[in-house]
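Me: I would like to learn how to read pockets and aromatic pairs in a model. Please take me through the case shown here.

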Amino acid sequence: MHPLEGLVIADHALARGVDLDECRAALGVTRRRNGTRRARWVLDHADAGADSAWETWLRYLALRSGLPRPITQAPITTARGVFHCDLGWPDWSVYAEFDGLVKYRDGGVRPGHDAAQELLREKERFDAIRATGINPARVTAVGPSRLGEVARALTARFPEELRRTLRQHPLLPAPP
């Protein structure tokens with residue numbers, strides 16, 4: 001299994017209450033050696049805070065690029081209250097949001113979901129976040145030919161001294 005797919009499953013499992021230590025113990029007694037390093041990586045980076053597979057995808061791209069592990073659902077205090085970004089690196093004031101189309105379609109999230117109201121709420125939320133001086137990167141799904149573009153746009157928000165140290169993770173292939 002591709003490590004991104006494993007990470008999506010692990011994130012979802014943790015959000016549903018699966019015990020990570022039990023997963024590690026099961027991996028520790030497996031007789032198969034093939035894939036155990038990647039499986040360990042997946043368990044070490046699984047996070048119950050991912051609200052969607054696309055948020056996991058974005059986190060995977062960041063980690064694959066060598067960035068430090070982000071906080072999921074990173075809180076940002078604004079004049080209008082606390083809002084959360086999908087990913088955050090507060091030490092560098094870098095935040096990222098995955099924007100999918102589903103929430104901007106009527107009925108896309110749940111029956112009766114109003115896309116126009118969602119768009120207005122999202123604008124007000126983002127205006128409040130930007131008023132703090134934070135301008136999160138907004139990322140949408142891209143095909144394999146544009147993965148480098150997303151990674152570069154995200155890493156460009158970090159200081160040069162950190163960017164110089166970044167190396168693509170050797171265990172993590174490009175997403176399928």
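**Aromatic pairs and pockets**

Reply: This is a predicted model. Start with Trp-57: its relative accessible area is 6%, so Trp-57 is buried.

Me: Is Phe-98 buried or exposed?

Reply: Phe-98 counts as buried, because its relative accessibility is 9% and the cut-off for buried is under 20%.

Me: How is a pair of aromatic rings described?

Reply: By the distance of the centres and the angle of the planes. The whole structure holds six aromatic pairs. One of them joins Trp-41 and Tyr-60, edge-to-face, at 6.1 Å centre to centre and 85° between the planes. Trp-41 belongs to helix α3 and Tyr-60 to helix α4, so this pair ties together parts 19 residues apart in sequence. Trp-41 and Tyr-60 are both buried. For Trp-57 and Phe-98 the ring centres are 6.0 Å apart and the planes lie at 80°, so this pair is also edge-to-face. It links helix α4, which holds Trp-57, to strand β3, which holds Phe-98, 41 residues apart. Trp-54, Trp-57 and Phe-98 make up one aromatic cluster.

Me: How is empty space found?

Reply: A probe the size of a water molecule is rolled over the atoms, which shows where empty space is left. Here the largest pocket has about 400 Å³ of space. It is lined by 19 residues, and those closest to its centre are Asp-51, Glu-55, Asp-86, Phe-98 and Lys-103.

Me: Which classes of residue make up the lining of the largest pocket?

Reply: The lining of the largest pocket has nine charged, six nonpolar and four polar residues.

Note on methods:
Residues numbered from 1 in each chain as written. Predicted model: local features only at pLDDT ≥ 70, side-chain atom pairs only at ≥ 80, totals over all residues. Heavy atoms only, no water. 1 Å grid on protein atoms, 1.4 Å probe; cavity = no way out; pocket = protein on both sides within 12 Å on 5 of 7 lines; lining within 4 Å. Points joined across faces, edges and corners; volume = space filled by probe spheres on them. Nonpolar A, V, L, I, M, F, W, Y, C, P; charged D, E, K, R; others polar. Phe/Tyr/Trp six-rings, centres within 6.5 Å; stacked < 30°, edge-to-face > 60°. Helix = DSSP H or I, 4+ residues; strand = E, 2+ residues; numbered from the N terminus. Buried < 20%, exposed > 50% of the residue type's maximum accessible area, 1.4 Å probe, protein only.
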